[in-house]
Amino acid sequence: MAFAADSSPAAPTAHGVHTVDPTKAGASTFSTFTSPATKSVRTASGSKQSLTAGETAGLAAGLTAKHTSAYGISLAVNVTGVNTTANATINWGDGSAPQSTGYLPAGQTTLAHTYAKLGAYTITVNVADSDGVTTATNTLVVTTAGSAYTAYGPTRLLDTRDGTGAPKGQIQPFTSTRVQIAGNGGIPAGVTAVVLNLTVTNAAGPGYITAYGEGDQRPITSNVNFVAGQTVPNLSIVPVGANGYVDLYNGSGKPTDLIADVAGYFTQSDSSGFTPTGPTRLVDTREGLGTAKGQVAGGSSFAVQINGNGTAGLPGSGITAVALNVTVTNPKNAGFLNVYPDGQSVPTASNLNFTAGQTIANSVVVPVGSDGKIRVRNGAGLPTDVIVDIVGYYSPAAKGAYLPIAPERLLDTRDPATWSYGPLSSGSYAYMPLSYDEPAISGFVFNATVTNTATAGFLSVGPDPNSVDAYKNGTEVWPARPTASALNWVKGQTVPNLVQANTGANGIIDFWNASGGNTDLIVDMFGYYDTH
């Protein structure tokens, strides 16, 4: 039998993605702190004098600090008013030993410091001239750039169907609604980012939702994509504006209803850091993995052990919240899932909405119950299969602090300006060397979207075992694709999902097309976790 030359599918391939250096992209929480030399307090021959703006001849120290990482700062000390040399002694305000510059000529000296914990610190700099008779002291309050996570809810903040959190009524085409985050309920001021589960429903036409901090420029990225009549959720980690609000933009030519449920928030204070894992499959009701084999009956629930779970190598205690990807498959009718701490009441907020026969996934960040478990409830009237994959957890012992960035598009296989290989073919993967030279970065937050899907399938995301040098030298090995899925689709669908990705040992992340046909892939970056 003869075959046409192009009848067999192309062999799976791997292509690298030209990406930005996240540390150079600049976190939205990176700041500069200053205390001018005029604020120095001088002591000369035992008498204390306050310098004024006109006393430029007096010994003084101007201070400028800048963020360099989640926990790190650089401090520039600019000494003026000495003819020979001066010695600066820096007390970093965290209980560490004071640091001395030694005697240096007048001018600027820059030092670096890394704090052990997130928070606000008062830096005190004492400058002495070479004879030790005159000294000047200046202080500067700095706050570390990284943000730690606090589990909250799940609680509904917005529902345009009933007027919760905003005027009742659908969001009109190409307009935004705003949602208060800081100061809403028990959420404090100073929130840098928020974890929201966004659900579109009653959409009159196709479109997308873009979430961003109020006062920031609206990015070109999207958080939820939908078609007419569809009810579709997507988890989002959204920067919060300086005024404590986020904006939700309806990028559709038709109106739609929108629901926003909060699962937690980030602040620049010591709380829970992030530890990426796997990804690892914890539950599959089709196989009896992690729970009883067989579909979950309508209205019923099951518990999932988190603390001490040996499948994922989780610690026995201390986990405050867990990051999951939850998938429904083979549902007998339409419904929703609730994922919540074990031992608590069923929340009104839903995590995943589905229709009969649909396979759909959504990221979930959920607090862990006091017994170390979470609970998954089938809110439909008929049974469904459920799959739960873990991608990481939050705990006070973890160092991974979140650094939100202005959302940035890393990959669009439809755009030849950034990707010259066309759609991602069946079994192929795109690798992103994002933090190969930044070992302190432990994970990334993306929104991944597939579109122009030729067949049904799913996307897997995981760390690459190869190094950058191996790819450059052509000595790379073909990686094993993760068994866990990040999002699922059927032919012709456009599907987004939040992805919290583990960087692994080499700082390279792979995006796999686990389907029988081509698909286009779009990857937007929203932030990263830094451990130093």
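This is a predicted model: local features need pLDDT of at least 70, side-chain atom pairs count only at pLDDT 80 or more; totals for chains, interfaces and linings use all residues.
Colleague: In what order do the five strands of the open sheet lie, and which are its edge strands?

Modeller: The pairing within this open sheet is mixed, and its five strands follow the order E1-E29-E34-E31-E32.

Colleague: Which residues form the covered face of strand E13, and which the uncovered one?

Modeller: Strand E13 consists of residues 176-180. The uncovered face carries Ser176, Arg178 and Gln180. The covered face is formed by Thr177 and Val179.

Colleague: What is the bridge partner of Gln180 in E18?

Modeller: Gln180 belongs to the uncovered face of E13. E13 pairs with strand E18 (residues 245-250) in the antiparallel sense, over five bridges. Within E18, the partner of Gln180 is Tyr245.

Colleague: Which residues lie closest to the centre of the largest pocket?

Modeller: The largest pocket holds about 240 Å³ of space. Its lining is made up of 13 residues, and those closest to the centre are Val191, Thr192, Val240, Gly241 and Ala242.

Colleague: How many polar residues does the lining of the largest pocket have?

Modeller: Divided by class, this lining includes four nonpolar residues and one charged residue. The number of polar residues is eight.

Colleague: Which element gives the most to the lining of the second largest pocket?

Modeller: This pocket has a volume of about 160 Å³. Of its 12 lining residues, Asp216, Gln217, Ile405, Ala406 and Pro407 are the closest to the centre. Two elements give two or more residues each, namely strand E15 (207-213) and strand E28 (401-412). With three residues, the element that gives the most is E28.

Colleague: How many residues in the lining of the second largest pocket are nonpolar?

Modeller: Four residues of this lining are polar and one is charged. The nonpolar residues number seven.

Colleague: Which element supplies the largest share of the lining of the largest cavity?

Modeller: There are three cavities of 30 Å³ or more, and the largest has about 180 Å³ of space. Its lining comprises 23 residues, with Pro279, Val391, Ala486, Val499 and Gln500 nearest the centre. The elements that give two or more residues to it include strand E20 (273-284), strand E27 (385-395) and strand E33 (495-502). The largest share, five residues, comes from E33.

Colleague: How many nonpolar residues does the lining of the largest cavity have?

Modeller: Nine residues of this lining are polar, and one is charged. The nonpolar count is 13.

Colleague: What is the omega value of the cis peptide bond that joins Gly278 and Pro279?

Modeller: Pro279 is placed in strand E20, and it is one of the residues nearest the centre of the largest cavity. The bond that joins Gly278 to Pro279 is cis, with an omega of about 15°.

Colleague: Why does Asn307 count as buried?

Modeller: Asn307 lies in the loop between strand E21 (301-305) and strand E22 (321-329). Leaving aside residues up to four places away in sequence, it touches Pro315, Gly316, Ser317, Gly318, Ile319 and Gly372. Buried means under 20% relative accessible area. Asn307 counts as buried because its relative accessibility is 15%.

Colleague: What is the relative accessible area of Asn330?

Modeller: Asn330 is found in the loop between E22 and strand E23 (335-341). Although it is not a glycine, its phi is positive, at about 60°. Asn330 is partly exposed, and its relative accessible area is 38%.

Colleague: What is the phi of Asn452?

Modeller: Asn452 is placed in the loop between strand E30 (441-451) and E31. This residue is not a glycine, yet its phi is positive, with a value of about 55°.

Definitions and conventions: Residues are numbered from 1 along each chain as its sequence is written. Side-chain values use heavy atoms; hydrogens and water are left out. Two strands pair if DSSP finds at least two bridges between them. Helices (H or I, at least four residues) and strands (E, at least two) are DSSP runs, numbered from the N terminus. On a 1 Å grid over the protein atoms alone, a cavity is a set of points where a 1.4 Å probe fits but cannot get out, and a pocket is an open set with protein on both sides within 12 Å along at least five of seven lines; lining residues have an atom within 4 Å of a point. Grid points are joined across faces, edges and corners, and a volume is the space filled by probe spheres set on the points. Ala, Val, Leu, Ile, Met, Phe, Trp, Tyr, Cys and Pro count as nonpolar, Asp, Glu, Lys and Arg as charged, and the others, Gly among them, as polar. Buried means under 20% relative accessible area, exposed over 50%, partly exposed in between (1.4 Å probe, protein chains only). Contact means heavy atoms within 4.5 Å.
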